[in-house]
Amino acid sequence: MTAVGIDAIEIWTGKLMLDLPNTFAPVKGDDPEKYTKGLGLYASSFPDTYEDIVTMGANAAKQLMDRQDLKPTDIGRIDVATESAFDHSKPVSTYIAGCLEQVYEGDFRHANKGERKFACVAGTQSIDDAYNWIQAGRNRGRAALVIATDTALYARGDPGEATQGAGAVAMLIDEDPSVVELSTEQGYGSMDETDFLKPNQQFPSVDGKRSMQVYLARMREALEDFESVAWDTHPDDFAYIPFHTPFPGMVRKAGLLGFRHMIRDTEIEDELEGEIGRQPREPDFETREDYEAAIRDHMDDLKRTDRYRAWYDATIDPTLELSSTVGNWYTGSVHIARTSALRHAAETGVDLVGSKLLVGSYGSGAQAEIHAETVQDGWKDEIQGLNIDDQLDARYDLSWSEYELVHDVHEYDKETDIDVEEFTPPSEEFVFTGWGRMNERRYEYVE
Ligand code: HMG
């Protein structure tokens with residue numbers, strides 16, 4: 001079977017930032033450590049006044065096309081994954097293609113364009129569609145451009161407000177990929193849930209605590225489903241495990257649950273028996289409640305063991321570095337986690353070629369997907385070419401009143417003047433310029 005996977009990655013962050021411990025926490029009257037230690041978040045990215053899902057997606061895609069020296073006819077498919085779309089009919093991919101056609105010779109006339117929606121898991125689903133399209137031999141030698149782009153804003157005062165973020169990840173899916181090859185095996189955990197949804201509204205209705213339980217339940221089912229078609233996973237099988245990261249604290253919980261699952265009936269459980277005992281087994285308990293209480297106690301003990309800490313620090317923590325400073329990018333979030341891990345490996349001189357990643361995606365509503373990836377020869381060059389650190393350093397640090405204004409500017413129902421002054425001067429990028437006669441959004445490239 002042809003090797004298919006991610007050949008190139010580019011990231012575009014919203015150009016503004018909100019400092020959570022120093023700007024957000026004091027106004028909310030919270031201990032800053034609720035954010036840095038509890039949620040694991042230091043800052044969130046926000047779009048400047050002229051940025052939106054189209055500009056961020058098009059800018060990420062342009063960086064990718066420039067670095068890979070691609071022309072429009074090299075691309076046979078453009079899929080945009082987003083849960084921040086502003087049009088029920090015309091897909092965001094058409095706007096992004098229109099932007100790119102302003103700056104490249106030729107066009108995307110013969111590319112299949114679409115938009116994918118399933119909360120945050122849609123980015124991974126778009127990669128999946130591209131994978132299938134290539135494996136089916138329908139790509140005529142062309143690659144697919146997958147763009148995950150979101151402005152993850154919550155209503156002011158919602159508990160989710162601390163976990164906002166904005167940015168785009170562009171990925172080129174191709175044969176013989178340079179970064180990672182995708183496994184054919186996949187696992188799913190999918191149920192009709194109402195943990196987080198946006199029924200014809202811009203900001204989500206969220207049951208935050210329940211959303212965390214649903215995330216963990218669907219992720220466990222997806223792992224079991226993956227194992228049923230792949231192999232019984234072991235913690236040492238994977239160099240990194242990037243998860244969907246609404247905030248790093250969520251991934252701490254997912255990592256612990258995954259570790260407990262993977263070590264059951266292995267030499268690691270034997271090793272830890274003297275220290276914390278064996279894992280509770282349900283048949284040994286009279287009621288489900290008793291079993292669950294015993295599991296909670298056991299997990300508390302497990303997470304303090306050196307064996308777990310060492311695994312977590314090596315396998316999970318590096319996936320969280322970028323998220324902790326940009327917040328939740330919804331569809332892009334798990335792809336940020338993968339990039340963060342690869343960037344960490346490049347910076348610390350880890351040789352990853354041939355190593356495996358286990359990737360856990362999640363979208364509210366709800367569905368988790370798990371697959372494996374094998375790191376390819378070209379991963380390091382690709383990751384070292386990213387300019388994400390420069391972008392992060394250049395972000396404008398918002399004061400509280402500026403944050404309130406930016407939130408209003410991006411709220412559809414608020415009549416905020418489009419002429420609100422920008423915070424950063426745009427340069428060599430696509431910008432939003434206003435609305436056309438059919439209420440379409442309009443964009444242009446600024447030199
Ligand atoms: P909250 O009620 O403000 O926070 O909302 P909390 O009181 O639960 O505190 C958060 C953590 O900080 C807790 O840790 C506290 O103990 C700790 P935990 O007990 O859970 O381990 N804490 C402190 N730690 C140290 N020092 C302190 C301190 N104070 C507290 N002083 C909540 C948190 C996540 C509910 C909220 O932010 C929210 O509603 N977020 C949005 C929903 C969300 O992100 N859900 C995640 C799973 S669903 C998902 O991932 C899908 C999603 O991406 C959407 C999609 O798919 O499209 C959201």
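The shell around the ligand is made up of 13 nonpolar, nine polar and seven charged residues (Ala, Val, Leu, Ile, Met, Phe, Trp, Tyr, Cys and Pro count as nonpolar, Asp, Glu, Lys and Arg as charged, and the others, Gly among them, as polar). This is a predicted model, in which local features need pLDDT of at least 70 and side-chain atom pairs pLDDT 80 or more, while totals for chains, interfaces and linings use all residues. Residues are numbered from 1 along each chain as its sequence is written, and side-chain values use heavy atoms, without hydrogens and water.

**View 1. Residues around the ligand.** Lys34, Glu83, Cys120, Lys209 and Ser211 come nearest among the 29 residues around the ligand (a heavy atom within 4 Å).

**View 2. Polar side chains at ligand oxygen atoms.** Lys209 places a polar side-chain atom 2.3 Å from a ligand oxygen atom. For Lys34, a side-chain N or O atom is 2.7 Å from an oxygen atom of the ligand. His244 has a polar side-chain atom 2.8 Å from a ligand oxygen atom. The protein buries 74% of the 1100 Å² that the ligand exposes when taken alone (Shrake-Rupley method, 1.4 Å probe). Two or more shell residues each come from helix H2 (32-39), helix H6 (208-229), helix H7 (248-263) and strand S11 (356-363) (DSSP runs, helices H or I of at least four residues, strands E of at least two, numbered from the N terminus).

View 3. Thr55 is part of helix H3 (residues 53-68). Thr55 counts as buried because its relative accessibility is 0% (buried is under 20%, with a 1.4 Å probe and protein chains only). Beyond neighbours within four places in sequence, Thr55 is in contact with Tyr50, Phe430, Val431, Phe432 and Tyr443 (heavy atoms within 4.5 Å).

Conventions: Buried < 20%, exposed > 50% of the residue type's maximum accessible area, 1.4 Å probe, protein only. Polar contact = N/O pair within 3.5 Å; in protein donor to acceptor, adjacent residues only side chain to side chain.
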